[in-house]
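The entries follow the order in which I checked them.

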Amino acid sequence: MKKAVIFLLLAGICHFTGAQERTINGKVTAFRDYPLKNVTVTSKATREVAVTDSTGFFSIRSGEGDVLSFQSKAFESVNKVVHGEEPVIVNMIFKGGRNNQKLAVETGNIDPDDLAYAVANMSDRNNDFYTYKDIYELIRGKFAGVDVMDDGKIRIRGQNQSFMLDDSALLIVDGVETSSISSVHPAEVASIEILKGSEASIYGSRGANGVVIITLVR
């Protein structure tokens, strides 16, 4: 009797889990605009594998909270959590270099002309910054050793910080010192560099708590 109850419970759990699975659709791009073909998409929960088509689209059986893994040799791997029935949109970052250009073409990820143009003219778009809702979320997501405070100030861990003095980092946007970066939209950002210690010393005493350097898309 006891074994029968356990069997029924396990069967119920399996049925419930299966009921949560559904087909998830999505699209994979590079440089934000170019669809990536032949990217392997793997569901960690269902173990299913899909491959993006000529327009970068894919469909895969997955479920809430599942993690989809996106892989292609010439691009940095991406893991994306599934939320509800929302389409999963991924912009993969090109690794750069001649060998990876050759790989991207040979594996059929992107047409040679499109890749050549993107590499030559769209290096500032070779990131996923635009997927973050604001500049502070972007910094939190990209830099584990950096804290964003409630007042918008930024602290770089490992600096000689004091409870009595301002220990926020120096903020530089396109070469100009600023007191706030709240107006900077992630889609405008080409790069972010975090300097601390001897690297920040070029800014003198102003860089004592580290420096956040943001370069905007031109």
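How much space lies in the largest pocket? I read about 270 Å³ for the largest pocket. I note that the model is predicted, with local features needing pLDDT of at least 70, side-chain atom pairs counting only at pLDDT 80 or more, and totals for chains, interfaces and linings using all residues. Residues are numbered from 1 along each chain as its sequence is written, and side-chain values use heavy atoms, with hydrogens and water left out.

Largest pocket. I looked up the lining and found 13 residues, of which Val78, Lys80, Asp128, Thr131 and Tyr132 are the closest to the centre. A pocket here is an open set of points on a 1 Å grid over the protein atoms alone, where a 1.4 Å probe fits, with protein on both sides within 12 Å along at least five of seven lines; lining residues have an atom within 4 Å of a point. The elements giving two or more residues to this lining are β7 (75-81) and β8 (88-92). β7 gives the most, with five residues. Strands are DSSP runs of E, at least two residues, and helices are runs of H or I, at least four, numbered from the N terminus. By class I have five nonpolar, four polar and four charged residues in the lining of the largest pocket.

Second largest pocket. I noted a volume of about 160 Å³, a volume being the space filled by probe spheres set on grid points joined across faces, edges and corners. Its lining includes Lys153, Asp166, Arg206 and Asn209.

Helix pair. I checked α2 (residues 98-106) against α3 (residues 112-121): their axes come within 10 Å and cross at roughly 150°. That makes α2 roughly antiparallel to α3, a term for angles over 145 degrees. Gln101, Ala104 and Val105 in α2 meet Pro112, Leu115 and Val119 in α3, with contact meaning heavy atoms within 4.5 Å.

Methods: Axes fitted to C-alpha atoms, helices over the stretch in contact; angles between N-to-C directions. Parallel < 35°, antiparallel > 145°, perpendicular 65-115°, else oblique. Nonpolar A, V, L, I, M, F, W, Y, C, P; charged D, E, K, R; others polar.
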